Every structure is written in C-alpha cells, then in structure tokens.
Amino acid sequence: MVFTPAPSELQLGVIMESAAPSSSVILDLPHDNNAAASHVDDDDLVLPYISRMLMEETVVERFLDQYPDHPAVLHAQQPFAEILSDTSSDALHSGTGSSSVELTPLQLAAAVPCYSPDIGRFTTAVPRPCSGEQGNDIQDSASLSGTAKEAVADVEPNISPPAESSSMHVMIKAFFKGMEEAEKFLPGGGDTVDGRGRKKRFDGDDEVAEGRSSKQMAAPLHPDSEEEAAAREMLDKLMLSGYDARAGADLQLELRIAVEMEKPPPPRGRRRRGGGARNMVDLPTLLIRCAEAVAVNDQRGAADLLERIRRHSSPTGDGTQRLAHYFAEGLEARMAGKGRQLYRSLVAKRASVAGVLKAYHLYMASCCFLPVQFIFSNETICNAIAGRKKLHVVHYGLGYGFQWPDLLQCLAHREGGPPEVRLTAIDTPQPGFHPARIIEETGRRLRDCARQLNVPFKFRGIAMRSENVRAEELDIDPNEVLVVNNMFHFEKLMDESVIVERPNPRDIVLNTIKKMRPKVFIHGVNNGSYSASFFVTRFREALYNFMALFDMMDTVVPRDNDKRLLVEQDIFARCAMNIIACEGTDRVIRAQSYKQWEARSERAGLRRLPLEPDIVEMIKHKVKESHKYFVINEDHGWLLQAWKGRVLHALSTWTAVDDI
C-alpha cells in the first residue's frame, strides 16, 4: 500500500515518510494461536509479502528482477495462469488450432493482475503468443469488482490447495478480497486516476477542476507561449527605457480618430419629440432597484429585474450597457451566494504579462490618471532628495514597478551625479509555491535599468501583508532620505467594520509609517465609500463611480478595441464583483473617501504637507493635452483627479508631526 500525503501536507511541501504496509489492511488471514510457539516456515513468510507487493505499482518488473525463479512465486502464479489460459485461449491462439498454452515463468508473472497507472484501473497482462499474430498486449478487465468476483468464482471450484502448502488457497482468497477493498478507492465512470491520485480523462482534458488543491493549481500546466515570452521581453525593454511618451502620443491620436469615426452621423431633419424615448431603458435605476430587492432577499423580484437588465446589457455595448452587464453578474452571484467562489476564481486567473502590458499601454495613452500619479510621486521624490546623496524608498504595492524607471532616469541626469538609491518593495504574497515571484522579477528588471543608467541601486523585496511589516525590519538609516510611497494599495486593508477587538490593519500601517519618520509620505487613494456596511449604500456609491470609469473608457477608446476589454474585465469588473458579491473578510476592496483617509492619518500622528506649486503646474499642463473632461482640482493639500466632475482619485503628501 502506497502512502499518499494529505492536501495540506502537499501545500506546505512537507515530505512525510510512508509507513510500512500493514498486512491487516489488505489481508484477512486466520489467526494461528500456535504461531508464536511453532517454527515458521520460510514459504509462510514469503507469501504474505508477495500478496502485499502485488498491490503496488509496477511490482511485476521489480519483483521478478529480484526473485526470477523463486519456487513460492511460481507456485502462486500457476493458478492465475491456468485461469487466464482457460478464459483467453481462443483469443490467444486464433487460427493455430491449439487449445492451451505453456507459459514460461516470465509469462506467468506477466499474467498476474496488477494496477496500471497509465490506464488507471486493474489490468491483466497477457503476453502475446510466439506465433506473431496481432492482438492486444494488455487485456483490460471490465472493472475491478467484476474481475475480482469472476476470478474468485472460477478459482474456488477449480483449484484445490496444494499438499505442500495448506495456506495457498487462503492466500488467493485474501488477494482477491484485497482487490475488492481497493476498488472502493477508485473513481467510477470514465474517469481514472494517475499515479499521484489525480483524475485523468481518456479524452485528454487537462483543465484545472474547481476545488483542486493549491499545489496543483500553482504548478504551471504549460510553459510560456511565444506571445508570453515576447511580452516578457517587451517588459524588460520597457523597464530599461521607461515609458515611451512619443509612442503613447501616437496611440492617443489613433484612439481619438477611431472614436470620432465610430460616432454616428447627426440625424437629418427635425427630430420628433419623444420619438426615441420609448425604447430607452434606465439601466442605473433598474440596477438600484435590483440591489434593493437583493438586500431584502426578494428572490422573485430580483430575478425579474435581472432578466430585464440582461436583455439590455452587453459586455461589448456602450459604457452603460457594459457597466450593467458586470454589475448584474455581481448581483446574480450575491443572490446565489457564490460571490466568494467567483471572485477567487477571477483572482486565480491571474492576467498574463502580455495582457498586463496591453492594458498598461492603453491606459497610459488614453487616460491621464496614471501619468499624473507617476509625475506627482516622482517629482515629489526628486524634490526631497535635492542636495542629498542617499535615498531610501519604501513602496507599498510594487506590482510590476512601472513607475520607477522614469525616476531612475531623472536621478541619473541630476546635477552632481545620481544618489545611492535603495528600494524596499512590500507587496502581498502571491498564491502558490513562489509567493515573491513578481517582486523578484521586478527587482531584477529595475537592477538592470539602474545598471544601464549608472545609478547605484539596491533592491529588497518583501512578500508580506502590509500590516505585518514593522519599521524595525526595514533597516532605516538616518543618513538616508526616507520616502514612503503608496498608490491605492491601502484600500485592500481591513478596517474597523471587520476587525473590532484589536487595532485594524489600516491604523497599524499608518502607525508604522509614523514610526519610520519619513521625510515625505506620498499617499494616493481611490475616492469612494465602498467600505460602507449597508449593501445598498455601498452599491449606489460603487455604481456612480464605475459609471464614470466606464463612461471615460467609452469616450476615449473605441468599442471594438480588444485592449479595452482587458481593462474592463480584468480591473473594473473584478473590483465590482468583490464590492457587490462579497462580505466580511472576503470583501477586500474597501475604498474610502479622501476626507476619511485624512482623518485617519491625522489620528495616527501624520500631518499633511502643502502641494508643491511647480508640480501642480506640471500636472495641469499634462492634463490639458488629454480629453477636455479630465479635471484637476485642489482641496486643502489634496490633488483631485476627476472625470466630468466626479472625483475618482486623490493624491497628497504627509510627514510625521514632530518633523514639520
């Protein structure tokens, strides 16, 4: 019997030593009271060992190599050979006129029933006859139970115990009984199991089934495709040279032309009053009514509203139709109680490097939000390091690190030479065997970029939850200029609505930053009240914010753009699913308004710094090059990013109270 580790042991990579197989599991032999006192014959010791070994995989080859002509082995094989020769003589000797076959010791061993991992069931290996006729080398039994029962039925009337071994008949019965017991652990139907206990299908379907252990999910099923390899090479080049603003401007021009061509021509003549209003459907109102029905567990009313929403929504329609499609999926998942499973399946399907690059290039070219955030952060760091020789940046939420090549280029061309740069990157560990893989790959690319620019650079990656990182573990040097950077990473931390009896992770992280005593703490937040405890309130706030995002994409990107689908499905829809369908600790997207973050930061002992006028002017000039609906405002030290008046993001700088 082969020991199989439990799934938890497989996850932790613990290799446990298998215990020796116990004969009491497989064999049900009669107990001999005089066995302890009497002399045990050598054959009586060998036969139980043989019966256990026969149940192991590939036992025939290994056993015959060790005992090719042992008398006890030949004695045990002969009854099976007689049974098989009687039942398969016609198939083996078709056209030869022979009714029996004389088998050699090797052929006798090959006829013993054994478990084949390649086929996934118990088989009977019968050697091909010497006449060279066509036939199967392996004759598959109908099933384990059928084979065992039929074989026992054939053995009992035809085989009598040999005179020299009174326990032979008992051993044969015990062998088949062990086969019957083993059948209980085998899958039924067309599924089989391979040597590791995982299901295999004869049609070659290797897709990962839901509920499979994390070890099997973490293991890559296939090597990187050519597209993925090319994307990684492109990512290496991007990190070496930074974002190509000229290529981004060309792509932005192409998108504008495509959007203009997509617009329908203006109608001719006078438009009849109310002529097109009859077919209009107010999808936002339907979504709110459906959320209210789901909140009070009105299954029938919610189902009727979902059906109406489905008829008028589409993932390839206009902005409102796409929004309604994804929000309806979230409401349906919440109503069915499957929000947790669906969101985890979305997270498990991590976007490929090719998809990340496509979405990044599109978002940088079409939307000014990300470029503004990079300019704000990098220029603030450059101002903080002015006249100093050492810089230490602690970055929460590294991701792919698209921000930092531009900073390294800026520091490389600084008057007086570049400073020594140390980057400590903190990010949530990824599921699987390599939780720090993305951090390590990003660190390698940043080191290559710094080496090419001749910037002294050190990188340290920490794959750990943000609230578990302490200031003492970061090797803070007073001679270095310390900058802490966070862009929207803290919205995934739990707040006091979930953790009540002890300090919540948001306050813990802010207190840790206070202990670091940075020269400047750059704080970027998504402005929204997604952390509200009441579902309908949270749903309304999310609906209005995502309406602005989908409307922005519909205005600046054509509808048939495949990269737009990547942004909407992998970013917007995933966040919406978590906000709508999940509760408790499963709801990880918990954005708060910038005013709420301001009060929380002040309680932690941080104070907001005034905005740098030169940085604000640079950002306003950048926004003027974008679409007219992008708006930049200031509010008491906060730089606000808005679309059509809806504030979506807010940026600010902070420091410890004693350092002002």
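**Aromatic pairs and a helix contact**

Q: How many aromatic pairs are there?
A: The count comes to 15 aromatic pairs. Bear in mind that this is a predicted model.

Q: What's the geometry of the pair formed by Tyr 396 and Phe 490?
A: Tyr 396 and Phe 490 sit edge-to-face, at 5.2 Å centre to centre and with 70° between the planes. Tyr 396 is in strand β6 and Phe 490 is in the loop between β9 and α20, so the pair ties together parts that are 94 residues apart in sequence.

Q: Are Tyr 396 and Phe 490 buried or exposed?
A: Both are buried.

Q: And how about Tyr 400 with Phe 402, stacked or edge-to-face?
A: Stacked, with 20° between the planes and 6.0 Å centre to centre. Tyr 400 and Phe 402 are buried too.

Q: Which residues form an aromatic cluster?
A: Phe 327, Tyr 530, Phe 535, Phe 539 and Phe 546 form one.

Q: Switching to helices: at what angle do α12 and α13 pack?
A: About 155°, with the axes 8 Å apart. Anything over 145° counts as roughly antiparallel, so that is what α12 is to α13. The crossing of the two is left-handed.

Q: Which residues make the contact?
A: From α12 they include Leu 283, Leu 286, Leu 287 and Ala 293, and from α13 they include Ala 302, Leu 305, Leu 306 and Ile 309. Arg 289 of α12 and Arg 308 of α13 take part as well.

Q: What's the breakdown by class for that contact?
A: The contact of α12 with α13 has 10 nonpolar, one polar and two charged residues.

Technical notes: Residues numbered from 1 in each chain as written. Predicted model: local features only at pLDDT ≥ 70, side-chain atom pairs only at ≥ 80, totals over all residues. Heavy atoms only, no water. Axes fitted to C-alpha atoms, helices over the stretch in contact; angles between N-to-C directions. Helix = DSSP H or I, 4+ residues; strand = E, 2+ residues; numbered from the N terminus. Parallel < 35°, antiparallel > 145°, perpendicular 65-115°, else oblique. Left-handed = near helix turned anticlockwise from the far one by under 90°. Contact = heavy atoms within 4.5 Å. Nonpolar A, V, L, I, M, F, W, Y, C, P; charged D, E, K, R; others polar. Phe/Tyr/Trp six-rings, centres within 6.5 Å; stacked < 30°, edge-to-face > 60°. Buried < 20%, exposed > 50% of the residue type's maximum accessible area, 1.4 Å probe, protein only.
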